[in-house]
Amino acid sequence: MPKLLLANEPLVRIAVFLGILFAMAAWEVAAPRRRQEIPRLLRWTNNLGLVVIDTILVRLTFPIVAVGLALLAEERGWGLLNVFGVPTWLAFVASVIALDLAIYLQHVMFHAVPALWRLHRMHHADLEFDVTTGLRFHPIEIVLSMGIKIAVVAALGPPAVAVLVFEVLLNATAMFNHSNVRIPQGMDRILRWIVVTPDMHRIHHSIHPSETNSNFGFNLPWWDKLLGTYRPQPKEGHDSMTIGIEQFRTGRDLWLDRMLIQPLRGPASGYPINRGGDAK
Ligand SMILES: [Zn+2]
């Protein structure tokens, strides 16, 4: 099974990506959580255009990506899990959890350091919250993330299949938890034990800095609860809360060219975590 997955890596990635994208889009039409004011065509074409740029850039800038490095590390015995010869099943579980913790910590860091916030705030400047928001990341943030992931893989030595499963899972859960879908409250409460739900992550896209700086998890909901960044509900409620940040609130700001130069525009504003809380 792991060999089959690895041999068909591009196919697995694209099938899960398109499958979840279409499934969530259909779910958003069938049972939307919030009324959307901005035409889907504008946001979707620009957000998906960014996915194409991000994908090409990663392929061009990295001679070896995370899965490839994990394969090499397995072969050569590099990294903690390979050095200690941890049983494969245990290494698999530990790797998926450790990679998720690394992504959580990286996300907190992108909110804490003003220069990194300039890159990450483009993800937050989307004025609606739906499946394509989960794919809207600045190319430089994508490249930095890949660099961090490669460093984690080199140090940890995870099984290559764990890296692939983690990346595919993260892509799927990011699309799921940014979706504008209505999930019954009881179901949401149960799901929150194992996965970040759209209602949990929407709070992270609130205009209020205190809410933006909470619920950093993308995949497992445990880190926010364990490390003190969890917020169960938005103060203004899911229907009336404002999505986005205070800067970049025009329709023109949603265009691809503006998204790309956004890190250079305006001040880093009051959102970075270490600038103190908001009074609002
Ligand atoms: Zn964020």
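Tutor: Ser179 has 0% relative accessibility, so it counts as buried. Buried means under 20% relative accessible area; exposed means over 50%, and partly exposed lies in between, with a 1.4 Å probe and protein chains only. Keep in mind that this is a predicted model: local features need pLDDT of at least 70, and side-chain atom pairs count only at pLDDT 80 or more, while totals for chains, interfaces and linings use all residues. Residues are numbered from 1 along each chain as its sequence is written, and side-chain values use heavy atoms, with hydrogens and water left out.

Where is Ser179? This serine sits in the loop between α9 and α10 (185-191). Helices (H or I, at least four residues) and strands (E, at least two) are DSSP runs, numbered from the N terminus. Leave aside residues up to four places away in sequence, and Ser179 touches Met24, Glu28, Phe129, Asp130, Val131, Pro198 and Arg202. Contact here means heavy atoms within 4.5 Å.

The expected span is 1.5 Å times one less than the number of residues. Of the 18 residues of α9, 15 are buried, so the helix is largely enclosed by the rest of the structure.

In soluble globular proteins, nonpolar side chains tend to be buried together.

Now look along α8. Like its expected span, its reach from first C-alpha to last is 26 Å or close to it, over 18 residues. The buried residues in α8 are Pro139, Glu141, Ser145, Met146, Lys149, Ile150, Val153 and Leu156. An α-helix has 3.6 residues a turn, so residues three or four places apart point the same way. Met146 touches Val58, Phe62, Val65, Ala66 and Glu167, not counting residues up to four places away in sequence. Just after α8, Gly157 takes a positive phi of about 65°.

Two partners pack on α8. Take α4 to begin. The axes of α4 and α8 are 9 Å apart, and the helices pack at an angle of about 15°. That makes α4 roughly parallel to α8. Axes are lines fitted to C-alpha atoms, for helices over the stretch in contact, and angles run from 0 to 180 degrees between N-to-C directions. Angles under 35 degrees count as roughly parallel, over 145 as roughly antiparallel, 65 to 115 as roughly perpendicular and the rest as oblique. The crossing of α4 past α8 is right-handed. On the α4 side, Ala66, Leu69 and Ala70 make the contact; on the α8 side, Met146, Lys149, Ile150, Val153 and Ala154 do. A crossing is left-handed if the near helix is turned anticlockwise from the far one by less than a right angle, and right-handed if clockwise.

Then take α6. The axes of α6 and α8 come within 11 Å and cross at roughly 140°. These two helices are therefore oblique to each other. Again the crossing is right-handed as α6 passes α8. Ser95, Ala98, Leu99, Ala102, Gln106, Met109 and Phe110 of α6 meet Glu141, Leu144, Ser145, Ile148, Lys149, Val152, Val153 and Leu156 of α8.

Apart from neighbours within four places in sequence, Met109 is in contact with Leu116 and Ile148.

Finally, two loop residues. Asn215 lies between α12 (209-212) and α13 (222-227). Its phi is positive, about 50°, although Asn215 is not a glycine. Asn215 is buried, at a relative accessible area of 0%. Phe248 is in the loop between α14 (237-240) and α15. Phi of Phe248 is also positive, near 55°, in a residue other than glycine. At 10% relative accessibility, Phe248 counts as buried.
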